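Dear colleague,

I am handing over the structure below, together with some notes on what was found in it. Please read the notes with the structure open beside them.

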Amino acid sequence: MVKRTGGCRCGKVKFSVEGEPSRIGICHCTDCRQESGSAFTYFGVWPVGKFTSDGETTDHEGRRFCPACGCRLFATDQDEAEIKLGSLEDAPTGLAPTYELWVKRREPWVKPLEGAEQFDEDRQVG
Ligand SMILES: [Zn+2]
Ligand SMILES: [Zn+2]
């Protein structure tokens with residue numbers, strides 16, 4: 001089974017995920033823009049049982065980051081782990097987004113990703 005590893009810039013936090021993600025997305029919402037300091041976030045979601053981490057993290061509203069270097073890393077709940085894919089060791093990751101969220105906040109110079117499902121706001125399931 002494929003295992004991917006990642007971590008923060010200073011190396012105090014490491015994590016790994018096993019197997020392929022359940023889904024991969026991009027989010028253009030104002031929270032994600034502010035949190036990342038960038039135009040959007042790029043993330044993958046794994047079953048929480050496939051995720052392990054090592055090292056101390058701090059969180060704000062569930063989004064975990066390294067207290068030493070500030071890298072945004074992941075968020076977990078009882079079912080899922082959402083990983084900021086830019087924190088994976090290998091680049092490119094080979095993981096292509098299958099959907100985009102909050103496209104109404106997308107910068108006009110960012111084009112819709114071909115083949116990715118487009119949501120005006122949060123993802124609607126079912
Ligand atoms: Zn760090
Ligand atoms: Zn967002």
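The lining of the largest pocket is made up of nine nonpolar, two polar and 10 charged residues (Ala, Val, Leu, Ile, Met, Phe, Trp, Tyr, Cys and Pro count as nonpolar, Asp, Glu, Lys and Arg as charged, and the others, Gly among them, as polar). Please keep in mind that this is a predicted model, in which local features need pLDDT of at least 70 and side-chain atom pairs count only at pLDDT 80 or more, while totals for chains, interfaces and linings use all residues. Residues are numbered from 1 along each chain as its sequence is written, chains are lettered from A and ligands numbered from 1 in the order in which they are written, and side-chain values use heavy atoms, with hydrogens and water left out.

The volume of the largest pocket is about 420 Å³. A pocket here is an open set of points, on a 1 Å grid over the protein atoms alone, where a 1.4 Å probe fits and which has protein on both sides within 12 Å along at least five of seven lines; lining residues have an atom within 4 Å of a point. Grid points are joined across faces, edges and corners, and the volume is the space filled by probe spheres set on the points. The lining has 21 residues, of which Arg23, Phe43, Val45, Arg63 and Glu82 are the closest to the centre of the pocket. Two or more lining residues come from each of β3 (23-27), α1 (30-36), β4 (41-47), β8 (72-76), β9 (80-84) and β10 (99-101), and β9 gives the most, with four. Helices (H or I, at least four residues) and strands (E, at least two) are DSSP runs, numbered from the N terminus.

The second largest pocket holds about 360 Å³ of space. Among its 18 lining residues, Gly7, Arg72, Lys84, Gly86 and Ser87 are the closest to the centre, and by class the lining has six nonpolar, seven polar and five charged residues.

Turning to the strands, eight of them form an open sheet of mixed pairing in the order β6-β7-β8-β9-β4-β3-β10-β11 (two strands pair if DSSP finds at least two bridges between them). The edge strands, each pairing on one side only, are β6 (58-60) and β11 (117-118). Within this sheet, β3 pairs with β4 in the antiparallel sense over five bridges and with β10 in the parallel sense over three bridges; Cys27 stands opposite Thr41 in β4 and opposite Leu101 in β10. Five of the five residues of β3 are buried (under 20% relative accessible area, whereas exposed means over 50% and partly exposed in between, with a 1.4 Å probe and protein chains only).

The peptide bond between Ala91 and Pro92 is cis, with omega about -5°, and Pro92 lies in the loop between β9 and β10. Phi is near 50° in Glu61 and also near 50° in Trp102, but Glu61 is exposed, with a relative accessible area of 69%, whereas Trp102 is buried, at 17%.

With best wishes
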